[in-house]
Amino acid sequence: MKNIAISCAILCALVFQSKAFSQRFDQVDKAPVDIAYLRPNQKSKPLVKVVYGRPAIEKGKVFGSLVPYGEIWRTGANEATEITFYKDMLFGNKLVKQGTYVMHTIPGKKEWTIILNSNTDTWGAFFYNPEKDVARFKVKTKKDMRDPLDVFSIAFKKDFKDSYMVLAWEETRVDIPLDDTSPMLAKI
Amino acid sequence: MKKTLLFSCLLTIVMLLSTGNTKAQDFKGLDDSPHDIVYFRTNKIAPPSIKVLYGRPMKKGRDLFEEVIPYGQIWRVGANEATEVVFYKDVVFGGSEVKAGTYVLYAIPNEKEWTLILSSKTDVWGTYEYEEKYDVARVQAKVSRAEFIEAFSIAFKEKGKQVNMVLGWDTARVTAPIRFDI
């Protein structure tokens, strides 16, 4: 039943997209796209760039409800979330080559599965093909009760020497470790 | 008078609270001029041929070509981060051959024609880091008029063997033809 609903959604998306061919100007999205960069300092070239859609809570809970646990999520809205690594890096302790990937996640109550996939320029997670996975790992979730967020956010943070990409919505936080200086990187 | 004072007090408190929050957490709110993505595909299920990632400022009753994007001055063609164009294969952009790759799009608006510039210096903010030596193409694009639109918009229009990239804001439309037959 759910599959039928998803197929309908895809069909609608395709029908709507096709209208763009007659140079219809799109309205501004309700869940707009945003960009986050990780740069070692303000002037330097970026190490990582994320382009993602930012849905907002309208009512009720997000995780375990609007975004169900155990199901693949586009980790944003509309077009799949895209990550560019400007050099080889460790992402969640997995070696990832310089390049552009799509990031999907499978949210869970205690931990999330993070998936990097090379099938880029896709809509949502509907075109997800596990054969194109580049990295897949799990990260424990954290809570920040002091600062619940209405809008889904991705940011970078530095904790002493460690860098993280943080996925944040409501009070849920998922800190994905990032490392561009590990000696492991020299071996490839 | 009392009301104004109360209002400004409240405003100050709200501003202090909100900036405090973003600093502590490093999460920023939604942009006033949100980004958007537009793709050109030869058919619905084909891999993309062109992708544009750009910010969408609103007109908000301003006189665009006086206050916002004055004639003769370089513009980021959007808002915030400079507008990024990805060509997935080699193209002819307004008469100039351009290799597949990622570029920043700038424009110099004018009354009848805009200059469109593709630059290879990517991941920049606005036009502050624009340097002519990174120019890959510099072409003239015609201005036409159409119905009013509030949000700056970029769209594609297929026209026979070529596709037009159309920039639209207020009643201005700027058309840059793109061909793939090289």
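**From one loop glycine to the contact between the chains**

Modeller: B:Gly72 sits in the loop between helix 2 (64-68) and strand 3 (83-87) of chain B. The model is predicted, so everything below describes a computed structure. Is B:Gly72 buried, exposed or partly exposed? Its relative accessibility is 48%. Buried would require under 20% and exposed over 50%, so B:Gly72 counts as partly exposed.

Which residues does B:Gly72 touch, apart from its neighbours within four places in sequence? They are B:Ile108, B:Pro109 and B:Asn110.

Next come the aromatic residues of chain B. Ring pairs join B:Tyr54, B:Phe65, B:Tyr71, B:Trp75, B:Trp114, B:Phe152 and B:Trp169 into a cluster. One of these, B:Tyr54, is also a contact of B:Ser153.

B:Ser153 belongs to strand 8 of chain B. It counts as buried because its relative accessibility is 2%. Its side chain reaches the backbone oxygen of B:Ala151 at 2.9 Å. Leaving out residues up to four places away in sequence, B:Ser153 touches B:Tyr54, B:Arg56, B:Val166, B:Leu167 and B:Gly168, and also A:Phe25 and A:Asp26 from the other chain. The last two lead to the contact between the chains.

How many residues does each chain bring to that contact? Chain B gives 36 residues and chain A gives 36 residues. Together the chains bury about 3100 Å², and 57% of this is on carbon and sulfur atoms. On the side of chain B, the residues that lose the most area to chain A are B:Phe27, B:Leu30 and B:Asp123, which together make up 22% of what that side buries.

B:Asp123 is buried, because its relative accessible area is 9%. Its phi is near 60°, a positive value in a residue that is not glycine. The side chain of B:Asp123 also meets that of A:Lys49 in a salt bridge, with 3.3 Å from N to O.

The count of salt bridges between chain B and chain A is five. Polar contacts across the interface come to 16 residue pairs, with both residues at pLDDT 80 or more. Which elements of chain B supply at least two residues each to the side that touches chain A? They are helix 1 (2-25), strand 1 (35-40), strand 2 (50-55), strand 8 (135-159) and strand 9 (162-179). Strand 8 gives the most to that side, with eight residues. By type, the residues on that side of chain B divide into 16 nonpolar, 14 charged and six polar.

Now to the partner. Chain A has one helix and 11 strands. Of its 188 residues, 48% are buried. Among contacts in chain A with a separation of 6 or more, residues 24 or more positions apart account for 56%.

Over all chains, the structure holds 23 aromatic pairs. One of them joins A:Phe63 and A:Trp73 edge-to-face, with 5.8 Å centre to centre and 80° between the planes. Both residues lie in the loop between strand 2 (48-53) and strand 3 (82-85) of chain A, 10 residues apart. A:Phe63 and A:Trp73 are both buried. A:Phe63 also forms an edge-to-face pair with A:Trp112, at 5.0 Å between centres and 65° between planes. This second pair spans 49 residues, from A:Phe63 in the loop between strand 2 and strand 3 to A:Trp112 in strand 7 (residues 111-117) of chain A. A:Trp112 is buried, as is A:Phe63.

A:Glu170 has a positive phi of about 50° although it is not a glycine. A:Glu170 lies in strand 10 (residues 162-170) of chain A. Its relative accessibility is 6%, so A:Glu170 counts as buried.

Conventions:
Residues are numbered from 1 along each chain as its sequence is written. Chains are lettered from A and ligands numbered from 1 in the order in which they are written. This is a predicted model: local features need pLDDT of at least 70, side-chain atom pairs count only at pLDDT 80 or more; totals for chains, interfaces and linings use all residues. Side-chain values use heavy atoms; hydrogens and water are left out. Contact means heavy atoms within 4.5 Å. Buried area is the accessible area (1.4 Å probe) that two parts lose on being put together, summed over both. A salt bridge is a side-chain nitrogen of Lys or Arg within 4 Å of a carboxyl oxygen of Asp or Glu. A polar contact is a pair of N or O atoms within 3.5 Å; within protein, one must be able to donate a hydrogen and the other to accept it, and residues adjacent in sequence count only if both atoms are side-chain atoms. Helices (H or I, at least four residues) and strands (E, at least two) are DSSP runs, numbered from the N terminus. Ala, Val, Leu, Ile, Met, Phe, Trp, Tyr, Cys and Pro count as nonpolar, Asp, Glu, Lys and Arg as charged, and the others, Gly among them, as polar. Rings of Phe, Tyr and Trp (its six-membered ring) pair if their centres lie within 6.5 Å; planes under 30 degrees apart count as stacked, over 60 as edge-to-face and the rest as tilted. Buried means under 20% relative accessible area, exposed over 50%, partly exposed in between (1.4 Å probe, protein chains only).
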